[in-house]
Amino acid sequence: MRGERAVLGLSLVFVVFLFVLLLFARSAYGVDLPGCLTDVEPYTKGAIEQIAANRYQLRYVAKMWTFDPPEVRVPAGAEVDLYLVTQDVVHGLQIPGTNVNLMAVPGAIAYTKVKFTRPGTYYVRCHEFCGAGHQFMEARIIVEETSPGANQ
Ligand code: CUA
């Protein structure tokens, strides 16, 4: 009886501790949980759009077995609002080297924000098994070095 109470108490302390960690990660490191939006117009075509200096809106459409747009370019330091919808089954979207990890659920718009500081090629991958072409489902984000006088 006493032992059970102790275990219960301990697990409660642990849960509270994890919650505090989550809040700490949010305030200290700006870690944000991916969200699901309800106030964004539904869309059916992928696109990238510059909305301010160094600020982009990137809208992905996932379907078996591609991401649209397949390749985009942004300058280093770009802050990107990333949206994701699916036109068929559930897909995932992960960008190794960043915190981006979203689920594309039919009927919903997933959202996250990401800042690309290091130049290079980032691969956008599906991480949810979605059929025969799952492992080929990939897009690219090319983050270009920003140097004065470079052609844009
Ligand atoms: Cu889409 Cu796996």
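Is Arg 73 buried, partly exposed or exposed, and what is its relative accessible area? Arg 73 is partly exposed, at 48%. Here buried means under 20% relative accessible area, exposed means over 50%, and partly exposed is in between, with a 1.4 Å probe and protein chains only.

Before I go on, a word on the model. It is predicted, so local features need pLDDT of at least 70 and side-chain atom pairs count only at pLDDT 80 or more, while totals for chains, interfaces and linings use all residues. Residues are numbered from 1 along each chain as its sequence is written, and side-chain values use heavy atoms, with hydrogens and water left out.

Back to Arg 73. Its side chain meets that of Glu 71 in a salt bridge, 3.6 Å from N to O. A salt bridge is a side-chain nitrogen of Lys or Arg within 4 Å of a carboxyl oxygen of Asp or Glu. Glu 71 is partly exposed as well, with a relative accessible area of 33%. Both residues belong to a network of salt bridges that also takes in Arg 140 and Glu 144. The count of salt bridges comes to seven.

Helices (H or I, at least four residues) and strands (E, at least two) are DSSP runs, numbered from the N terminus. Arg 59 and Glu 49 form a salt bridge of 3.4 Å, N to O. That pair links distant parts of the chain, with Arg 59 in strand E3 (residues 55–63) and Glu 49 in strand E2 (residues 47–52), ten residues apart. Glu 49 is partly exposed, at 37% relative accessibility. Arg 59 also lies over the face of Tyr 43, at 6.0 Å from the ring centre. The rule for a charge over a ring is that NZ of Lys or CZ of Arg is within 6 Å of the ring centre and within 35 degrees of the ring normal.

The other bridge joins Arg 55 and Asp 81, at 2.9 Å, N to O. Arg 55 is in strand E3 and Asp 81 in strand E6, so this pair ties together parts that are 26 residues apart in sequence. Arg 55 counts as partly exposed at 25% relative accessibility, whereas Asp 81 counts as buried at 5%.

Now the aromatic rings. Rings of Phe, Tyr and Trp (its six-membered ring) pair if their centres lie within 6.5 Å; planes under 30 degrees apart count as stacked, over 60 as edge-to-face and the rest as tilted. There are three aromatic pairs by this rule. One of them is Tyr 83 with Tyr 111, a tilted pair with 5.1 Å between centres and 45° between planes. Tyr 83 is in strand E6 (residues 78–86) and Tyr 111 in strand E9 (residues 109–116), 28 residues apart. Tyr 83 is buried, at 10% relative accessibility. Phe 116 and Tyr 122 form an edge-to-face pair, 5.0 Å centre to centre and 65° between the planes. Phe 116 is buried at 1% relative accessibility, and Tyr 122 is buried at 9%.

Last, a hairpin. Strands E7 (residues 91–94) and E8 (residues 101–104) pair in the antiparallel sense over four bridges; for strands to pair, DSSP must find at least two bridges between them. Gln 94 stands opposite Asn 101 in E8. Six residues lie between the strands of this hairpin, where Gly 97 takes a positive phi near 95°.
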